[in-house]
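The sequence and the model come next.

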Amino acid sequence: MQGTVDGFSYGAVTPLVAYLMACLGGALGLRCTTRSLLVTHSRRPAWLALGSAAIGSGIWTMHFVAMMGFAIKERSIHYDKPITYASLGLAIVMVGVGIFIVGYRGATGTALFTGGTITGLGVASMHYLGMAGVHFHGRFTYNTFTVAASVVIAVVAATAALWAAGRVRGFMWSVGASLVMGLAVSGMHYTGMAALGVHLDGTSRTGGGAPEPSVLAPMLIGPLAFLLLAGILVVFDPLMITGRPVPRPVEHKPGVPASTAASHPHRSPALHEEYRPEHHVSRTPQNR
């Protein structure tokens, strides 16, 4: 028996909120990745890890906010929590692999292609593993061509996002990139949902409909709290907004004596100004 699927049980509310979650996670992740390129190598892993967690949490939250509007009219559905949380971990790990590749090898050539592919496959894997955690009296089937299209969308979106993280420095450009990324991730989700077919077990009809928000809300609290904390970190770190390099004190630069730097803190070219042979006038009497 074929089931009737409704992906918009709450109208435009769930798609809009899901899109905003994808944009938020993308924006935070992009700024953290950009920030990692402006600090020393010892601090870079922490910023890249934070960016990975932000993007992964944003994408995962987007997926399950959108799933609040998903319903099978003939059956009630529930979620397997271990599989659901496993999809979150998978998203963060695979997005992290892609981000670390770009963070250390640069957003060009083979590194960008490899990182974008891994990250995109992570996004798609999160989606379909999350769908495997949806249980009801029946089974899902998928259209192969539409699934492939959703994976391509995810890979292209991830590659574009990583390129933006490595190349874009201005805050407004990053905001624009996150809006595009959110649109692509949402497009990937709903393309994947369009590939879905529902086959029910038996012919008896039971109460169906979208799950109550109380079913998914507890699982969303953790990722939402993390995104909030990451957002606070971005707001209170000026370098995250401006995208400017971290200033290094002159006395820490190799080849510059600390005493010289201390006596001339605002004159970096002082060493070049003390000796100018072309302007030197000898006071020694000349032999006539």
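## Aromatic pairs

F100 is partly exposed, with a relative accessible area of 28% (buried means under 20%, exposed over 50% and partly exposed in between, with a 1.4 Å probe and protein chains only). Y104 is likewise partly exposed, at 36%. The two residues lie 4 apart in helix 3 (residues 81-105), so about one helical turn separates F100 from Y104; helices are DSSP runs of H or I of at least four residues, numbered from the N terminus. This is a predicted model, in which local features need pLDDT of at least 70 and side-chain atom pairs count only at pLDDT 80 or more, while totals for chains, interfaces and linings use all residues. Residues are numbered from 1 along each chain as its sequence is written, and side-chain values use heavy atoms, with hydrogens and water left out.

The count of aromatic pairs comes to 8, where rings of Phe, Tyr and Trp (its six-membered ring) pair if their centres lie within 6.5 Å, and planes under 30 degrees apart count as stacked, over 60 as edge-to-face and the rest as tilted. F100 and Y104 form a stacked pair, 6.3 Å centre to centre with 20° between the planes. For F136 and F140 the ring centres are 4.9 Å apart and the planes stand at 45°, so this pair is tilted. F136 counts as buried at 12% relative accessibility, and F140 is buried at 17%. One aromatic cluster is formed by W60, F64, Y79 and Y85.

## A charge over a ring

The charged end of R44 sits over the ring of Y104, 5.6 Å from its centre; the criterion is NZ of Lys or CZ of Arg within 6 Å of the ring centre and within 35 degrees of the ring normal.

## A buried threonine

T61, found in helix 2 (residues 44-67), counts as buried because its relative accessibility is 0%. Leaving aside neighbours within four places in sequence, T61 is in contact (heavy atoms within 4.5 Å) with M21, L220, P223, L224 and L227.

## The cavity

A search of the whole structure finds 1 cavity of 30 Å³ or more, a cavity being a set of points on a 1 Å grid over the protein atoms alone where a 1.4 Å probe fits but cannot get out, with lining residues having an atom within 4 Å of a point. The largest cavity has a volume of about 50 Å³, the volume being the space filled by probe spheres set on the points, which are joined across faces, edges and corners.

Helix 4 (109-132), helix 5 (144-167) and helix 6 (171-194) each give two or more residues to the lining of the largest cavity, and the largest share, 4 residues, comes from helix 6. Among the lining residues are I59, T119 and M188.

Methods
On a 1 Å grid over the protein atoms alone, a cavity is a set of points where a 1.4 Å probe fits but cannot get out, and a pocket is an open set with protein on both sides within 12 Å along at least five of seven lines; lining residues have an atom within 4 Å of a point.
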